[in-house]
Amino acid sequence: MSLARRTSVAAVAVAACTILTVLVLVATLVASGSTSSAAERSSRTATDAHWLSRAGLLKVHQQSARRAAHQGARFRSYSDRVLGAQPVLSYRGVADPTVARYAGGWVAVSTGPGAPRAVAPQPGGPWQNIPSALTVQPTWAISGRYWASDLVLVNGIWLLYFSAEVAGLGLDGRCIGVATATDPTGTFVPDERPLVCPKQAATPAAYDRIKRRPKDMPRAGVIDPDYFKDKGGHQYLLYRTQSTPSSVRMVELPGSGLPQGKARSTELVRRGGVIENPTMLRRGRQYVLLTSEGDFGECSYKTTFRRSSELSDWSRAKRQVLVDSRKSGLCGPGGADLGRGPNGEPMLFFHAWTCPELGGNCPGGRNYDRDNVYDARRSLFAGVLRFTSRQSPRLASYVTPILPPPPPPTPTPTPTGSPTTTIKPKAHPGR
């Protein structure tokens, strides 16, 4: 055996002894630690707390723990996912609904020829069609198809804000008008002057000609009007500029809500993609702005919200999702409108795609505005809103649809037989 071989063996032996010694020492320390007295452990804990207190950290730690627990409790009553929604009106399309309460119940107006309408005794239904609202077309419009109306009562008069196609703004270019009626279920008469319309449109001069639109924004039409009344009686109209980038703008209205005089609007929010269907409410010192974002034909279409303490400044407002496909299980929940329930509770009315041929909601992966499949339509849904302490809206629950009464039973056929045959009634026990 060579010297090198003997040296390697010796080194291995020494290493083995070293490892064994280390293992014994570790076992001894563990045993010693496990047998330390409770008094010693308590002393170490007290010492740690003492140093944390001296550094001012223990109080901060305790406050952070309490704050985290409080925040968890604050939002625990609001589920991030509220499933199980059923349409309250689905026998026809109800795109971009506006729903208002009146003496006879609730009336809904939607996008379509003449602004289709339906009425119901409760938000859940049963809903029944009535004649369209705008059977008389304004002279400045080139078609009788109206988009995303808003129905409100102002000074005892019912106003219907609507958008209609006009000449001079290219394909599908629209302007915003208003019509009046004494009854929301009666015929509305449109004003012969547009309320909001770009100056290049072939129409009479509008109340708001959008003269302050930035140069980097497209010169397109306007749609999606929505009325908002602030504390103190000031009235405003929100709307969306067509094409992309798109924006939400606001113009103050005269007391009548009609296009009297002239005014200039301001931009509130802008987005590179589509932002539309603005609707607003005030909660305490916070303004809450709801919008729809995305392509309305797809399931990714959603309802979002922003909060601001300033009506005209939304630069620091954070965009958050209120209802989308993930939270609701619905396809494209958007076109939202704010309303009031039977007890005055805040409600959200909106549309989502349903596919009757599939027996429910439409699946993702298609554009249902482009693809004519599954008899797809935008049905009406309704939900109850709740608000956090910071006035962020949450969809607390959905309204259960009240179905129409069943049809009357089929009459029993008259028995056949001899004219002299007598049919005796059956005996009923206990009578």
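A residue is called buried under 20% relative accessible area, exposed over 50%, and partly exposed in between, with a 1.4 Å probe and protein chains only. The model is predicted, with local features needing pLDDT of at least 70 and side-chain atom pairs counting only at pLDDT 80 or more, while totals for chains, interfaces and linings use all residues. Residues are numbered from 1 along each chain as its sequence is written, and side-chain values use heavy atoms, with hydrogens and water left out.

## Salt bridges

A salt bridge is a side-chain nitrogen of Lys or Arg within 4 Å of a carboxyl oxygen of Asp or Glu. By this rule there are 13 salt bridges. One of them joins Arg377 and Asp375, with N to O at 2.3 Å. Arg377 has a relative accessible area of 16%, so it is buried, whereas Asp375 is partly exposed because its value is 37%. Asp371 pairs with Arg366, their closest N and O atoms being 3.9 Å apart. Arg366, at 33% relative accessibility, is partly exposed.

Another salt bridge is formed by Glu293 and Arg319 (2.9 Å, N to O). This pair links distant parts of the chain, 26 residues apart: Glu293 is in strand E15 (residues 286–293), and Arg319 is in the loop between strand E16 (302–308) and strand E17 (320–323). Strands (E, at least two residues) and helices (H or I, at least four) are DSSP runs, numbered from the N terminus. Glu293 is buried because its relative accessibility is 0%; Arg319 is partly exposed at 35%. There is also a network of salt bridges that links Arg145, Glu165, Asp172 and Arg174.

## Nonpolar cores

A nonpolar core is a set of buried Ala, Val, Leu, Ile, Met, Phe, Trp, Tyr and Cys residues joined through side-chain atoms within 4.5 Å. The largest has 24 residues, and those touching the most other members are Leu134, Trp140, Leu151, Leu160, Phe162, Cys175 and Phe188. At least two residues of this core come from each of strand E2 (105–109), strand E6 (145–154), strand E7 (157–165) and strand E8 (174–181). E7 supplies the largest share, 4 residues.

A second, separate core has 19 residues, including Leu348, Ala352, Phe381 and Leu385. In soluble globular proteins, nonpolar side chains tend to be buried together.

## Loops and backbone

Pro126 lies in the loop between strand E4 (117–120) and strand E5 (128–130). A cis peptide bond also runs from Thr244 to Pro245, with omega near -5°, and Pro245 is in the loop between strand E11 (235–241) and strand E12 (246–253).

The loop between E11 and E12 also holds Ser243. Its phi is near 70°, a positive value in a residue other than glycine. Ser243 is partly exposed because its relative accessible area is 38%. Gln391, likewise not a glycine, has a positive phi of about 70°. Gln391 is in the loop between strand E21 (377–387) and strand E22 (393–398) and is buried, at 18% relative accessibility.
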